Amino acid sequence: MSFLKHIFSRKTELKKAEETISSPAKTLAAQISERLRTHTSRTFLKLTPEPGSAGLFESKIGGSFYVPEDMLPPTDSASKPMYLLAQLNFSELPSLEDFPEKGLLQFFLTGSGEAYGANFDAPTEQTDWCVRYLPEFPDERNTNETRIFHPKWSEDTNLPLIREDTYSLKASTATQSITLCDYRISDTLRRTCADLLPEDFRDIYDLDDDVSSELLKEQELYSCQIGGYPDFTQYDPREDAEDAPDFLLFQLETTDNILWGTSGVGNFFIRSEDLKNKDFSRVWYHWDGC
């Protein structure tokens, strides 16, 4: 028994020593995280994709979509039909500041090419992708069937959706502070945590590796969301852009049968004033993968 006590005592000592070594980094990371939560927290909608059939007007990933009588179904630069990536029904979603209280927001992508319709040199150019906002739509029971579209998949169809599946989106309200990959993180750290950082701190890469690792553990990242702060597998493309949109409109990350390249993430950004005005003509679309 004394031998076992000695072994357990030794393990406890080693664990305490490890905790002591990492304790300063953990403490500093916790302090920084608390400052970021205090100064940058945003309310957003966390979305959970649930496989199965989804109604025509439900918030969903993939599936059939409605086109009003005075509009044509979206087509890409080769005049081929586009596919519904996602649809948000604000009438059934929890209320979120500056977002519409009603209507449908539809995200479409071409099924051709390797870039899922993105133009990385002109991310607001809605040629092989587009966003449509429908302030009004009929009751599903009274919808003219000729206004319901669902382009057929072929062997050449290339989308972030691995299969022709539909996912309903269940929403819950949550809060999120700025992510470490957001291009504004270094400025935010200098503004809110100056007394916690080294005097020569310039950007987030100047943080001690242990502190960075602890901050990464504290990050609040979500695979699918409306609003809040973005996630990237590489970097924030807005960093070097002029007049970059400041607000995350919608994000869909690789999960289950949704795959952006190799484990990537798709982001749609919008300027705050455009969101307030329900103007989706200058939405910025980007995706990246590992």
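Mentor: Helices here are DSSP runs of H or I with at least four residues, strands are E runs of at least two, and both are numbered from the N terminus. The model is predicted, so local features need pLDDT of at least 70 and side-chain atom pairs count only at pLDDT 80 or more, while totals for chains, interfaces and linings use all residues. Residues are numbered from 1 along each chain as its sequence is written, and side-chain values use heavy atoms, leaving out hydrogens and water.

Trainee: Happy to start! Is threonine 188 buried or exposed?

Mentor: Threonine 188 sits in helix α2, residues 185-192. Buried means under 20% relative accessible area, exposed over 50% and partly exposed in between, with a 1.4 Å probe and protein chains only. At 5% relative accessibility, threonine 188 is therefore buried.

Trainee: Nice. Which residue in β10 stands opposite glutamine 225?

Mentor: Two strands pair if DSSP finds at least two bridges between them. Strand β9 (residues 224-226) and strand β10 (residues 247-253) pair in the antiparallel sense over 2 bridges. Opposite glutamine 225 stands glutamine 251.

Trainee: And which are the edge strands of the open sheet?

Mentor: The sheet has 10 strands in the order β6-β5-β4-β2-β8-β1-β9-β10-β11-β12, with antiparallel pairing. An edge strand pairs on one side only, which gives β6 (129-134) and β12 (284-288).
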